[in-house]
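Trainee: I would like to go through this structure and ask what stands behind each label.
Mentor: Go ahead.

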Amino acid sequence: MRERLDCAILSTPGTSDWVRPWLGRHSGGRVHVQVLDNQAGAADSCEVLARFAMPLRRFDVCLIPVSESNLAWVRTALSAAQGLLQTPVLALVHQLKAAALNDLYALGLADFVRDPVCSEELRVRIEQLLDERRYPMREPAGAARLKETHTS
């Protein structure tokens, strides 16, 4: 478990009011959320994730608020960043249906948390996500023996 998680939050078109309460420290200072540097209006572009792939590496996770109003924009941004982005992307979701979430997962979304967001749940989800990336799932003990007996 990390002492502090550094999160970049991407202020997407139409979500600035929804993002504002999440800036700063949460969970007793263990989750620190800051706006991704918006130089020259870059966050208005659908290629923002691809452009910020390198600066995002210093963060543990990139948070993206997603609602019906910006869903198409987020889809395009995730699509443009495929293969470039190494920082996991976690969506803060407001009133989205399962089909929309499935689309976002297919485009590279790592996980999501529904609105209203609980800071402790967010911290746990991020830690779990980072552990999964560090230690990819291994076969359960005995699974290799089971395979050997079925192939013999």
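Trainee: Which residues does Asn70 touch, leaving out those up to four places away in sequence?
Mentor: Asn70 touches Thr12, Pro13, Thr15 and Pro65. Asn70 sits in the loop between β4 and α3. Keep in mind that this is a predicted model.

Trainee: Why is Asn70 called buried?
Mentor: The relative accessibility of Asn70 is 1%. Buried means under 20%, so Asn70 counts as buried.

Trainee: What makes Ser45 buried?
Mentor: Ser45 has a relative accessibility of 18%. The cut-off is under 20%, so Ser45 counts as buried. Ser45 lies in the loop between β3 (31-35) and α2. Apart from neighbours within four places in sequence, Ser45 is in contact with Arg51 and Trp73.

Trainee: How far apart are Ser45 and Thr76 in sequence and in space?
Mentor: They are 31 residues apart in sequence and 9.7 Å apart in space, C-alpha to C-alpha. Across the chain, of the contacts between residues at least 6 apart in sequence, 73% join residues at least 24 apart.

Trainee: How do you know that Cys7 is in no disulfide?
Mentor: The nearest cysteine sulfur to that of Cys7 belongs to Cys62 and is 9.3 Å away. A disulfide needs two cysteine sulfur atoms within 2.5 Å, so Cys7 is in no disulfide. Cys62 is in no disulfide either, with the sulfur of Cys7 as its nearest at 9.3 Å. The count by this rule is 0 disulfides.

Trainee: Are Cys7 and Cys62 buried or exposed?
Mentor: Cys7 is buried, with a relative accessible area of 0%. Cys62 is buried, also with a value of 0%.

Trainee: What makes the buried residues of α4 line one face of the helix?
Mentor: In α4, Ala100, Leu101 and Leu104 are buried. Viewed down the axis of α4, the buried residues fall within an arc of 100 degrees, so they line one face. The face turned away from that buried side carries the exposed residues Ala98, Ala99, Asn102 and Ala106.

Trainee: What covers the buried residues of α4?
Mentor: The cover includes β4, α3, β5 and β6 (111-114).

Trainee: Which residues touch the most other members of the largest nonpolar core?
Mentor: The core has 28 residues, and those touching the most other members are Leu10, Leu49, Leu56, Ile64, Val66, Leu96 and Leu104. Two or more residues come from each of α2 (48-51), β4 (61-66), α3 (71-81), β5 (89-93) and α4 (98-106). The largest share, 6 residues, comes from α3. There is also a second, separate core of 17 residues, which includes Leu92, Val113, Leu122 and Leu130.

Trainee: Why is a polar contact assigned between Asp111 and Tyr105?
Mentor: Their side chains are joined at 3.4 Å. The limit for a pair of N or O atoms is 3.5 Å, and one atom must be able to donate a hydrogen and the other to accept it. The contact therefore counts as polar.

Trainee: What else is known of Asp111, and why does Asp111 count as buried?
Mentor: Asp111 is found in strand β6. Its relative accessibility is 13%, and the cut-off is under 20%, so Asp111 counts as buried. Not counting residues up to four places away in sequence, Asp111 touches Val89, Leu90, Ala91, Tyr105 and Arg125.

Trainee: What makes the peptide bond from Asp115 to Pro116 cis?
Mentor: Its omega is near 0 degrees. Pro116 is in the loop between β6 and α5 (119-134).

Trainee: Where is confidence lowest, and where is it highest?
Mentor: Helix α6 (residues 143-151) is lowest, at a mean of 51, and α4 is highest, at 96. The chain averages a pLDDT of 82.

How values were computed
Residues are numbered from 1 along each chain as its sequence is written. This is a predicted model: local features need pLDDT of at least 70, side-chain atom pairs count only at pLDDT 80 or more; totals for chains, interfaces and linings use all residues. Side-chain values use heavy atoms; hydrogens and water are left out. A nonpolar core is a set of buried Ala, Val, Leu, Ile, Met, Phe, Trp, Tyr and Cys residues joined through side-chain atoms within 4.5 Å. Buried means under 20% relative accessible area, exposed over 50%, partly exposed in between (1.4 Å probe, protein chains only). Helices (H or I, at least four residues) and strands (E, at least two) are DSSP runs, numbered from the N terminus. The arc is that of the directions from the helix axis to the C-beta atoms. Contact means heavy atoms within 4.5 Å. pLDDT is the predictor's confidence in each residue, from 0 to 100.
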